[in-house]
Amino acid sequence: MAGSQDFEARRRERLKMQHKKRERERRIQRIIFLIAVAFLAFLLIFNIVKCAKKPDTDNQPAVTQVPYEEDTDAKFDPSIPNPQEGRNSYLDIIKESGEKNHAYLTFDNGPSEAVTPAILDVLRRYNVKATFFMNGKDIKDNPYLCTRAIEEGHLVLPLSKSGNSDILYADKTTFMDEIEETYDLIVENTPSGEKPIKLYRFLGGSYSNTSYGSEKERYKDVLAENGYYYCDWNASVGDSNASRSAEQLLNYYKTNKPSVNNLVIQLNNKDENTATPKMLGNLIEQLLSDGYTICRLDEIEFINEIKFEDDKPKTEKDDDDTSSSTDKPASTTKAPESTKKPESSKAPAATKKPESTKAPEATKKPESTKAPSSQTTTQTPTKATLAPSSGDEITSE
């Protein structure tokens, strides 16, 4: 009897312990369930708040950038001709490229750990490709940012190695060494090893009224000798003044925007330029709403024969096959007939003149024995005859 009671007592104890265990497990499950529900509720509330309080730069533009990959091949010929001395200004090439309403965002200096990632984030959000002119010393400090910019489809080019104008412009050897070493660093940090276009931007710009202006003028031809174009800018947001706010930078662009077909916009990529990424989204929206297509600097159609602003058209040669010289003296005041003169500046022997609109065809008149003090240019009989006064010189317009 006693054994039966002990067995029953043990059984009840086991049942009681099993019941406690089940209760404990149910409590743990309820706690886990409540934690999961609370976490999901937190994520939901967080996303709702985030969507309700997006910063201004997150607003999508009314018009979106044309997808980068669509017509890249149709835009430009990847074979870029070698530059010629005095003909390696990239702004002139862009002007004569045939492109219309194109904008090129360019960032100087860096890469900066404080600013560059935010700039790249904005460019990626708008699916816009830009051009970065970087310093070698900054690439060494932040190589992954150089690589990220290239991997995300941006063009990275050299600005200088040291970031110091005194060193960069000391002499032409140092100048080219800084550029070439920075160019090599960019190639080293390019995953594919592909070499970009040889395009350079002078530190501080190439304009003669800037610091080291005379050295820069000489170094332009040095660049051409080494296969480099150089590219200035014709628009800016004024972010060299790091104290300006994002709104002030955008207003600066709107106020100082030039009346040109294509814009090369200069922005800065230094640690102190924290307002640049904040205004970048609004600048992109402004450009897109104004009808611009935003591209990299190497996305242009190169034209091998480019007319520059400082070019003067050559004097037209006569249509007559017998005319071989472009410089022909005018006749004396009494002789309206035009005569041919060899290239030598000395007075030639008498020559047979072509038909003139005034003189009869049969007339043969030798040129005056005294050469005029300065040569003048005459046109062929099929064109209007120029008759300046003696001693005046016709120059190309």
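The legends below describe close-up views of helix packing and nonpolar cores in a predicted model. Local features need pLDDT of at least 70 and side-chain atom pairs count only at pLDDT 80 or more, whereas totals for chains, interfaces and linings use all residues. Residues are numbered from 1 along each chain as its sequence is written, and side-chain values use heavy atoms, with hydrogens and water left out.

**View 1. Packing of helix H10 (residues 246–256) with helix H11 (residues 275–289).** The axes, which are lines fitted to C-alpha atoms over the stretch in contact with angles from 0 to 180 degrees between N-to-C directions, lie 8 Å apart at an angle of about 40°. H10 and H11 are therefore oblique to each other, a class left after angles under 35 degrees (roughly parallel), over 145 (roughly antiparallel) and 65 to 115 (roughly perpendicular). In the contact (heavy atoms within 4.5 Å), H10 contributes residues including Leu249, Leu250 and Tyr253, and H11 residues including Met279, Leu283 and Leu287.

**View 2. Helix H4 (residues 116–125) beside helix H6 (residues 143–151).** Their axes come within 11 Å and cross at roughly 10°, and H4 and H6 are therefore roughly parallel to each other. Thr116, Pro117, Leu120, Asp121 and Arg124 of H4 meet Leu145, Arg148 and Ala149 of H6.

**View 3. The largest nonpolar core, with 37 residues.** Such a core is a set of buried (under 20% relative accessible area, 1.4 Å probe, protein chains only) Ala, Val, Leu, Ile, Met, Phe, Trp, Tyr and Cys residues joined through side-chain atoms within 4.5 Å. Leu105, Leu123, Leu280, Leu283, Ile284 and Leu287 touch the most other members. H11 supplies the largest share of this core, 7 residues.

Definitions and conventions:
Helices (H or I, at least four residues) and strands (E, at least two) are DSSP runs, numbered from the N terminus. Buried means under 20% relative accessible area, exposed over 50%, partly exposed in between (1.4 Å probe, protein chains only).
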